[in-house]
Amino acid sequence: MNTTLSWIKAYVPDLDCTAQEYTDAMTLSGTKVEGYVAADRDLDKIVIGQIEKIEQHPDADKLIVCQVNIGSETIQIVTGAPNVKVGDKVPVVLDGGRVAGNHDGKMTEGGIPIKKGKLRGIESNGMMCSIEELGSSRDLYPEAPEYGIYLFPEDAEVGADAIEALGLHDVTFEYEITSNRVDCFGVIGIAREAAATFGKEFHPPVVTPTGNDEQASDYIKVTVQDPDLCPRYCARVVKNIRIAPSPKWMQRRLAAAGIRPINNIVDITNYIMEEYGQPMHAYDYDQIAGREIVVRRAKPGETFVTLDDQERHLDENVLMICDGEKSVGIAGIMGGENSMITDNVTTMLFEAACFDGTNIRLSSKRIGLRTEASAKFEKGLDPNNAEEAINRACQLVEEMGAGEVVGGMVDVYPVVKQPVRIPFEPERINALLGTDLSEEEMLGYFRKIDLGYDPETREVIAPTFRQDLFRTADLAEEVARFYGYANIPTTLPTGEATTGKLPFDLRVRQIAQEIAEFCGFSQGMMYSFESPKAFDRLLIPQDSPLRNAIRIMNPLGEDFSIMRTQSVNGMLTSLAFNYSHRNKNVRLYELGNIYLPKELPLRELPDERMQFTLGMYGEGDFFTMKGVVEEFLDKLGISGRRSYQPEHDRPFLHPGRQANIYYKKTRIGYLGEVHPTVAATYGIGEKAYIAVLDMPEVTELATFDRKYEGIARFPAVTRDISMIVPKTVLAGQIEDMIIQRGGKILESCQLFDIYEGAQIRMGCKSMAYSITFRAKDRTLEEADITAAMKKIWNGLESMHIEIRS
Amino acid sequence: MKDKLKAIREEALAQIEQAGALDKLNDVRVNFLGKKGKLTAVLKSMKEVAPEDRPAFGQLVNETRAQIESFLDETKQKLEAQALELQLKSEVIDVTLPAKKNSVGHRHPNTIALEEVERIFIGMGYEVVEGPEIEYDLYNFEKLNIPANHPAKDEQDTFYINKEIVLRTQTSPVQARVMEQGKLPIRMIAPGRVFRSDEVDATHSPSFHQIEGLVIDKHITFADLKGTLEEFAKQLFGPDTRTKFRPHHFPFTEPSAEVDVSCFKCGGKGCRFCKGSGWIEILGCGMVHPHVLEMCGIDPDEYTGFAFGVGLERIALLKYEIDDMRLLYENDVRFLKQF
């Protein structure tokens, strides 16, 4: 929504403030001004001059030399403009002045300075300018010539301020009006707020009765078949129309609001839409068949040509304005070509109606046509505003001599909208705001914005144009706005103390971050939605449950169309991004959700599982990644019964270099080397490694409880054991056996050598462990050690392991 | 004898004086005080001394020995100090050579900003709560006073899974979820990921983060809201930060406000970050709408409360002067390691 300062001042004549003061004060009272533009910001030293003499330039065919009277003196100006003649009154920029742009309409920030100088040897002391050079256009000043200097009317005062004469000493404000303040989509509504904000008198237009002795109802009959979609329909008739340009003051106001003046009738409907926020439509009465208007839903499959000459396809949810035979307009959106006003119109029908906002919004969306009118209607207008607006339009018709207004109005308004009455509870308002304002102060604020008060019932009466006031909290906001948010005290909540806390799962997440970062991984952030093609890139089979992903109905495109069921694609995409930018040794981690539907189509919310995903390429290998996983699990007290099961069921990982991570019987994640084919698909030209930990499982197992176990006081005994192991036996299995057989006195077992090669027979590897025993309460005796080692040996032998020492 | 001892002493002292190095000094010790040393030899000749003279002689030998030993120790310390000094001189390093760093990873700027916000509110007694990212329409809209066909629903460019389930467009549904649990009073913040169907560009992302705040208790006022957020702004942006509350409209709060803080880059003088205004809009807030309280089973006559929502990216981008939102999702380590 835009308004000019001059239009606001028309209703708040005492308003006296700068554009910045207006912006600040209005914003703080709730009518947010987004910005403003002064029409004259790049115009300087421009007066009305009259050309007294024109001579041909001696050295240039296309230039003329003019003597221009600027009131105080006559100056010489050289111009190339083709349209001036002696006696013309023109805008003249004096030496040292500025214009806003070029004559072709191109604007220059800060304006173009004009200096006196010589043109082909002849002195020129200024410049005559076109409407474009003045920063405007022929659209807004239709009287301006197509090429050449703007010409003032004959009665213009020579020497006067040309900017003023053109109405360009004005400021246009742009507002952000929130959806609850429908009244502020019209100049009157904003002016009311401005008056209240600055404590000035508000003088809205005084609408006087209009019309001849005839009755509109003798001209037209209106039937509303769908009153739920059209709560009110007002119609008036104007005959003997004289189409002409509208008066300059109206043209200027429309121009400043960015609306192109067309003719008196069109301008009046546009003017009313700006002033009252009420869209109107004018029909050529002679094109209305059967002298009747029927408001009904469109027929299924109905098509209709709107006045922009486009054929529109409609359905039965779209409300139509029809005559006795045919549709003549899409209600609230756009009129039809078949009934539009032409220059030959003699009698017209004015429509000011109120339509259901939601219906207009949905219809406008479905048809694919959003207009100034539909944008207003979709907010849900006040039906009581329509009558005032149509009468104001007729008043303007009479004042401007645009036609003869027929008396009376046809008004279909079955259920009259009543003002809302809200109990006035000043103590509750103070309690909500934390203020201590008197009843009188509050009532004073209400009066400023035309809210009524019934002292009998102690009720505040919200006029129907305020569709946002229903209860005490709403009134509290009105009080707060005009008392000033800045004046409300600042306190901190009192009452029962609460303890701030970070829940357990977030603490676990913080540990994940810390460990990852200590290990050189930086945190990335991946999208939650991705392309279904990710599954193909990851070689995930067609029948994999991972492919059961939740689809977004209205995605930003196929690449963002499913909610991810794995976090690997995001990680590989980011690693690939780094690889393609030649970043070396990249380590990334992510904490983000995957979304696993319980069933598809989705009926209840999916299982959102936070995944701790690590990815790297460059320095390090599988065991580096495994080390990070171990550090993380150790930190969370998930130590002891951890195991890594070699698997090959994840197609995106190297079949011989992947493992599921278990704690006891629970699978808490997996890690592995990225399958070379997959790495190549993503464009990662090195070995890459991935680890994924399922945070809900990890969190379930994590504990921050620790118990000090004392520092060992008795000596440890270490035995090394060297063996020949079948290749199929895993280190983890050997360790499990040693731990199981070692008993309570086993402190640790550490692999210190592993070798496969020429010296070892085929199918075997040589491994050596260092096994440490210690008792808490005594020095171990040789017999203890021997017994334990014997058990271990027996165990290992049962695994077809040959003990060498 | 006496003279002999004197001569030995003089000789020893002279040799110590000249030793000049620790190994030579040790030779001197052996030569004089060792088993076969000169002084030891004198002591061995004790039997040649008349018995009555022996105590005096013994004393004299011991004195000589003590003198030699003391000078030896003294010289040894001196030489050791010299040797250490020499060693230290030879070990001088160029301290400006490059450091050997443990390459530690870096946290995402979003997380850093979030942790800052969490720290502030936990300090004020707030609990951190999370809610689902895929959410029922009921919680995302209806329970927040945004009924079906409300224009605000269109304004938010919602991603739909189906008619009832959406990608949450705001963290506000967590408000409704926590209120419904009925445990009062409430002081919570709910950070999290939200979604709107905006095409990716320098200033838009279809996925971003908000932090919702909610306080419900008896006698909570708009003044409390102001005080809380002023404190928050001061802690986040510095003690000189000023705040400006502007009336606004949100369906789920009444009265509502938008909050600007004095620009933390220029202090309010006006710069490119605040587009010359001196103020930066950082959040929306208001008193929880009584109808929202009612829908969540809380009696608005007994309880009041306030809520606020902060855009995390907005804070992170401004605070770290990041000029393109796409950087946040590219995960380029050259970007990440700057935080």
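Two strands are taken to pair if DSSP finds at least two bridges between them. Helices (H or I, at least four residues) and strands (E, at least two) are DSSP runs, numbered from the N terminus. The structure is a predicted model, in which local features need pLDDT of at least 70 and side-chain atom pairs count only at pLDDT 80 or more, while totals for chains, interfaces and linings use all residues. Residues are numbered from 1 along each chain as its sequence is written, and chains are lettered from A and ligands numbered from 1 in the order in which they are written.

In chain A, strand 12 (residues 221-224) runs parallel to strand 15 (residues 292-297), and four bridges join them. Within this pairing, A:T223 stands opposite A:V294 of strand 15. Strand 15 of chain A also pairs with strand 18 (residues 319-322) of chain A, in the antiparallel sense and over four bridges. There, A:V294 has A:C322 of strand 18 as its bridge partner.

Helix 11 (residues 439-448) and helix 12 (residues 472-483) of chain A pack at an angle of about 90°, with axes 9 Å apart. Axes are lines fitted to C-alpha atoms, for helices over the stretch in contact, and angles run from 0 to 180 degrees between N-to-C directions. Helix 11 and helix 12 of chain A are therefore roughly perpendicular (65 to 115 degrees). The contact (C-beta atoms, placed from the backbone, within 7 Å) is made by A:M442, A:Y445, A:F446 and A:K448 of helix 11 and A:E478, A:V479, A:F482 and A:Y483 of helix 12.

Definitions and conventions
Angles under 35 degrees count as roughly parallel, over 145 as roughly antiparallel, 65 to 115 as roughly perpendicular and the rest as oblique. Two residues are in contact if their C-beta atoms, placed from the backbone, lie within 7 Å.
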